[in-house]
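Let's walk through this one from the overall fold down to the individual side chains. Have the sequence and the 3D view open as you read.

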Amino acid sequence: MLTLVTGLVLAGLTACGEEQEAPPAEETVAPSPSQDAALIENGRAIVEMQCATCHAIGVEDDSPRSDTPPLRTVLADYDPDALADDFREGIHVGHPDMPDFNLGPKGTDSVLAYLVSIQERDGEG
Ligand code: HEC
């Protein structure tokens with residue numbers, strides 16, 4: 001008789017089973033920054049955690065610190081590929097106050113894709 005009761009309880013429980021959408025597999029990492037939405041999203045998450053304390057990370061916010069350029073402007077001075085190289089080697093882009101980052105190839109591509117996506121530019125995109 002016990003088994004019968006258990007069966008009923010279990011049947012009731014399965015009704016509220018949760019379904020989660022699996023995140024898309026991100027196996028393909030482009031060698032250069034792309035406009036891939038998943039990469040950009042990933043990059044935004046990294047930048048929010050690692051850079052937002054000092055840099056403006058959005059398209060129109062101001063940097064928390066007056067001595068930091070908003071990230072949406074940095075590619076005006078930096079070629080994305082050159083910056084990507086810096087990131088890959090662990091970023092040290094020439095200022096003592098900014099910590100070195102080691103984002104790895106995937107993180108680098110993500111951050112670069114995000115940076116490209118927020119750059120100020122005329123007209124296109
Ligand atoms: C602790 C503060 C701090 C953090 C965190 C930080 N930065 Fe910076 N960053 C700075 C400062 C300060 C400058 C400006 C230095 C200068 O102009 O000499 C700067 C400048 C830059 C520049 C321009 C480099 C140059 O020499 O003009 C880039 C690109 C950059 N940061 C990217 C990033 C990215 C990407 C992240 C997150 C992964 C990040 N920074 C996190 C402080 C920070």
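What follows covers the fold, the core, the salt bridges and the cysteines.

## What you're looking at

This is a predicted model, in which local features need pLDDT of at least 70, side-chain atom pairs count only at pLDDT 80 or more, and totals for chains, interfaces and linings use all residues. Residues are numbered from 1 along each chain as its sequence is written, and side-chain values use heavy atoms, with hydrogens and water left out.

## Overall fold

The protein has five helices and zero strands, so the run from the N terminus reads α-α-α-α-α (helices are DSSP runs of H or I with at least four residues, strands are E runs of at least two, and both are numbered from the N terminus). Of the 125 residues, 31% are buried. Here, buried means under 20% relative accessible area, exposed means over 50%, and partly exposed is in between, using a 1.4 Å probe and protein chains only.

Now for contacts, meaning heavy atoms within 4.5 Å. Take those between residues at least 6 apart in sequence: 56% of them join residues at least 24 apart.

## The core

A nonpolar core is a set of buried Ala, Val, Leu, Ile, Met, Phe, Trp, Tyr and Cys residues joined through side-chain atoms within 4.5 Å. The largest one here has 20 residues, and those with the most contacts inside it are Val47, Leu71, Leu83, Phe87, Val111, Tyr114 and Leu115. H2, H3, helix H4 (80-88) and helix H5 (104-118) are the elements that give two or more residues to this core. Which helix gives the most? That's H5, with seven residues.

## Salt bridges

Side chains of opposite charge can pair when their charged atoms come close. The cut-off for a salt bridge is a side-chain nitrogen of Lys or Arg within 4 Å of a carboxyl oxygen of Asp or Glu, and the structure holds four of them.

Start in helix H2 (residues 37-50), where Glu41 and Arg44 sit three residues apart, about one turn of the helix. Their closest N and O atoms are 2.4 Å apart. Glu41 is partly exposed at 41% relative accessibility, and Arg44 is partly exposed too, at 28%. Glu48 joins these two in a network of salt bridges.

Next, Asp61 pairs with Arg72, with the closest N and O atoms 3.5 Å apart. This pair links distant parts of the chain: both residues lie in the loop between H2 and helix H3 (74-77), eleven residues apart. How covered is each partner? Asp61 is partly exposed at 30%, while Arg72 is buried at 9%.

Arg65 and Asp67 also meet in a salt bridge, at 2.9 Å from N to O. Arg65 is partly exposed, with 27% relative accessibility, whereas Asp67 counts as exposed at 52%.

## The cysteines

How many disulfides are there? The count comes to zero, where a disulfide is a pair of cysteine sulfur atoms within 2.5 Å. Cys51 is buried, with a relative accessible area of 14%. Cys54 is partly exposed, at 23%.
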